[in-house]
Amino acid sequence: MSSKLCSTKCFGTKGNHGGCCQIYDREWILGEIDDADEFLERLQLRFNADIKYSDVFIDYEEGSALFPERESWQNPENYPALRLNTALDSNPCVFYNSTVKRCTVYDIRPNTCKEYKCDYLKGLE
């Protein structure tokens with residue numbers, strides 16, 4: 001149920017999608033990814049390619065410089081974080097496809113993404 005709601009009514013707002021996969025200008029970070037090595041292995045198997053850690057994750061040094069004004073990005077405990085597509089204003093996760101409104105690696109996503117529930121979803125439980 002939650003994946004359908006996340007793609008059509010994220011945070012309870014009809015038409016909103018993938019809010020937790022995009023940071024926009026919020027005080028938000030897509031980390032800590034506690035199963036980073038395992039997730040990287042799953043990606044390599046999925047795509048049958050040698051994918052580098054730095055292609056998928058942002059470390060503290062890079063992230064703290066990327067958003068120096070955001071407190072969550074200044075906390076080393078929030079890393080590694082998922083890499084963002086900073087070419088888009090919404091700063092989505094590199095695995096989030098804004099056109100089709102879905103995660104491209106949903107079935108193998110990291111634990112942080114699997115376990116995350118916004119206040120709206122928590123209220124439905």
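Tutor: Start with Asn-48, in the loop between helix 2 and helix 3. Keep in mind that this is a predicted model.

Student: Why is Asn-48 called exposed?

Tutor: Its relative accessible area is 74%. Exposed means over 50%, so Asn-48 qualifies.

Student: What is the phi of Asn-48?

Tutor: Phi is near 45° there, a positive value in a residue other than glycine. Most residues other than glycine have a negative phi.

Student: Which loop holds Asn-91, and is Asn-91 buried or exposed?

Tutor: Asn-91 is in the loop between strand 2 and strand 3. Its phi is positive too, about 50°, although Asn-91 is not a glycine. The relative accessible area is 8%. Buried means under 20%, so Asn-91 is buried.

Student: Back to the loop between helix 2 and helix 3. How do you know whether Lys-52 is buried or exposed?

Tutor: Lys-52 is found in that loop, and helix 3 covers 53-56. Its relative accessibility is 53%. The cut-off for exposed is over 50%, so Lys-52 counts as exposed.

Student: What makes the contact of Asp-107 and Arg-46 a salt bridge?

Tutor: The closest N and O atoms are 2.5 Å apart. The rule asks for a side-chain nitrogen of Lys or Arg within 4 Å of a carboxyl oxygen of Asp or Glu. The pair therefore passes.

Student: Why is that pair said to tie parts together?

Tutor: Asp-107 sits in the loop between strand 4 (102-103) and helix 5 (111-115), and Arg-46 in helix 2, so the bridge ties together parts 61 residues apart in sequence. Asp-107 is exposed at 54% relative accessible area. Arg-46 has 36% and is partly exposed.

Student: How many salt bridges are counted?

Tutor: Four. Another one joins Glu-62 and Arg-83, at 2.8 Å from N to O. That pair links distant parts of the chain: Glu-62 is in helix 4, Arg-83 in the loop between strand 2 and strand 3 (96-97), 21 residues away.

Student: Which residues make up the negative surface patch?

Tutor: Glu-32, Asp-34, Asp-37, Glu-38, Glu-41, Glu-77 and Glu-115 form it. Helix 2 (residues 36-47) gives the most, with three residues.

Student: Which peptide bonds are cis?

Tutor: One joins Gly-31 and Glu-32, with omega about 0°. Glu-32 lies in the loop between helix 1 (2-8) and helix 2. Another runs from Tyr-79 to Pro-80, with omega near 0°. Pro-80 is in the loop between helix 4 and strand 2. Most peptide bonds are trans.

Student: How many disulfides does the search find?

Tutor: Zero in the whole structure. For Cys-20, the nearest cysteine sulfur is that of Cys-21, 4.2 Å away. A disulfide needs the sulfur atoms within 2.5 Å, so Cys-20 is in no disulfide.

Student: Why is Cys-103 also left out?

Tutor: Its nearest cysteine sulfur, that of Cys-21, is 6.2 Å away. The limit is 2.5 Å, so Cys-103 is in no disulfide. Cys-103 is buried, at 16% relative accessibility.

Notes
Residues numbered from 1 in each chain as written. Predicted model: local features only at pLDDT ≥ 70, side-chain atom pairs only at ≥ 80, totals over all residues. Heavy atoms only, no water. Patch = residues over 30% accessible without salt bridge, like charges linked within 9 Å, V, L, I, M, F, W, Y side chains within 5 Å. Areas by Shrake-Rupley, 256 points an atom, 1.4 Å probe, with all protein chains shown as cover. Lys, Arg positive; Asp, Glu negative; His and termini not counted. Charge placed at Lys NZ, Arg CZ, Asp CG, Glu CD. Helix = DSSP H or I, 4+ residues; strand = E, 2+ residues; numbered from the N terminus. Buried < 20%, exposed > 50% of the residue type's maximum accessible area, 1.4 Å probe, protein only.
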